[in-house]
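Please work through the following exercises on aromatic rings and their surroundings. Each task is followed by a solution in steps.

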Amino acid sequence: MELPVTEPGPVRSEGLLLQCPYCDSEAMHKLAQLLLPGLAAVSIDCTTGDLFRKPSVVAVDMRKEMVDYVTQRSETFISDSLIESEASQDEEKEMPEDPFEVVSIFMDDFSSTKRNIIGHVSGWLMSDNREDKIDDFVQEMEMTRFWPLERREAIAEVLLKNVDLKTKYHCPEKYENEQRLADHKAQCSFRPVTCPNDGCRAKVSVRCMTDHDSACLFKILTCEQSCEKRLMRRDMDRHCVTVCPMRPMKCPFGCDSSFPERNLEQHCSEFLQPHLLKVLKAIHKKGFTDEGFKDHALLLEKQDIDGKLGKSREVRSLTNVVKNLEAKMKNGGSIKEINLKPC
């Protein structure tokens with residue numbers, strides 16, 4: 001059983017005035033997101049411990065009852081709030097003005113009327129098991145498109161307009177004829193527009209476009225680490241961590257240096273001598289002086305005709321180059337020139 005989706009149109013308000021139909025699309029979307037977990041909670045609570053009924057079986061009826069209940073509550077919300085505020089001086093008992101909090105209260109009130117005996121137990125209401133079951137049922141309904149987002153948004157739009165006491169999330173303007181309303185709608189700050197970022201299908205109120213653009217995952221940005229790459233915001237983190245040539249890295253030879261990845265070659269060339277000393281001390285662990293290691297490093301650089309030492313980018317490759325050079329020097333007799341004095 002699907003609930004109808006209606007296109008927003010001008011609404012005749014009191015005095016036969018036409019009201020602007022637009023509302024904050026981001027707020028409407030946020031409100032629509034509350035409905036599915038609310039339905040899941042009702043369906044779980046009223047079937048807990050029941051061997052003959054499952055949440056998926058009662059969800060259709062519960063959805064209609066919940067929508068009817070919260071809609072009726074929302075229609076009288078403003079008048080009820082005004083009456084209550086005049087009759088009561090206790091500010092703590094006043095209804096909140098946040099539409100999301102108001103609708104959440106409506107759904108909680110509805111849920112409390114549907115709980116069975118187990119559902120009324122405080123231990124169950126606060127348990128992790130209940131939350132897990134609700135999350136699982138929400139995912140099940142999303143996968144089966146039991147209550148599609150666009151249908152929930154149609155209901156959320158009605159609820160938002162009904163409980164938005166201070167008209168923060170919907171346009172309050174009213175006009176006496178269609179033409180004046182049409183002129184207003186063409187420039188209404190609540191009118192929906194499609195995000196201009198390629199790939200993004202979001203429809204956002206004009207007044208919210210700046211906020212949406214600042215978080216839109218499809219927005220093309222320059223790399224945060226100042227490389228030349230331009231990419232979508234959704235790909236930024238992966239780019240910066242994995243392939244960006246400007247991603248910071250530590251020296252693979254254990255220096256205290258930190259530099260952009262693309263400067264690794266320059267760093268290895270400039271600090272070849274201290275890198276060589278670290279590798280030599282690892283190969284020839286003991287038995288020679290610091291001066292002996294330095295002399296040996298200089299001799300290795302002289303013997304490195306192909307420049308392989310400077311091209312090594314990590315300890316293992318530099319170790320292999322050093323061992324190969326030492327083998328060649330030993331076979332060629334030049335190893336005798338090494339001044340490795342015993343300690």
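The exercises below concern a predicted model.

**Exercise 1.** Determine how many aromatic pairs a search of the whole structure finds, and classify the pair of Tyr69 and Phe110.

*Solution.* For Tyr69 and Phe110, the ring centres are 5.5 Å apart and the planes stand at 40°. Planes under 30 degrees apart count as stacked and those over 60 as edge-to-face, so the remaining class, tilted, applies. The pair of Tyr69 and Phe110 is therefore tilted.

**Exercise 2.** State which parts of the chain the pair of Tyr69 and Phe110 ties together, and whether each residue is buried or partly exposed.

*Solution.* Tyr69 belongs to helix 2 (residues 55-75), while Phe110 belongs to helix 4 (residues 99-114). The pair therefore ties together parts that are 41 residues apart in sequence. Tyr69 has a relative accessible area of 25% and is partly exposed. Phe110, with a relative accessible area of 3%, is buried.

**Exercise 3.** Classify the pair of Phe100 and Tyr169 and locate both residues.

*Solution.* The ring centres of Phe100 and Tyr169 are 5.6 Å apart, and their planes are at 70°, so the pair is edge-to-face. Phe100 is in helix 4, and Tyr169 is in the loop between helix 7 (149-163) and strand 3 (174-175). The pair links distant parts of the chain, 69 residues apart. Both Phe100 and Tyr169 are buried.

Note on methods. Residues numbered from 1 in each chain as written. Predicted model: local features only at pLDDT ≥ 70, side-chain atom pairs only at ≥ 80, totals over all residues. Heavy atoms only, no water. Phe/Tyr/Trp six-rings, centres within 6.5 Å; stacked < 30°, edge-to-face > 60°. Helix = DSSP H or I, 4+ residues; strand = E, 2+ residues; numbered from the N terminus. Buried < 20%, exposed > 50% of the residue type's maximum accessible area, 1.4 Å probe, protein only.
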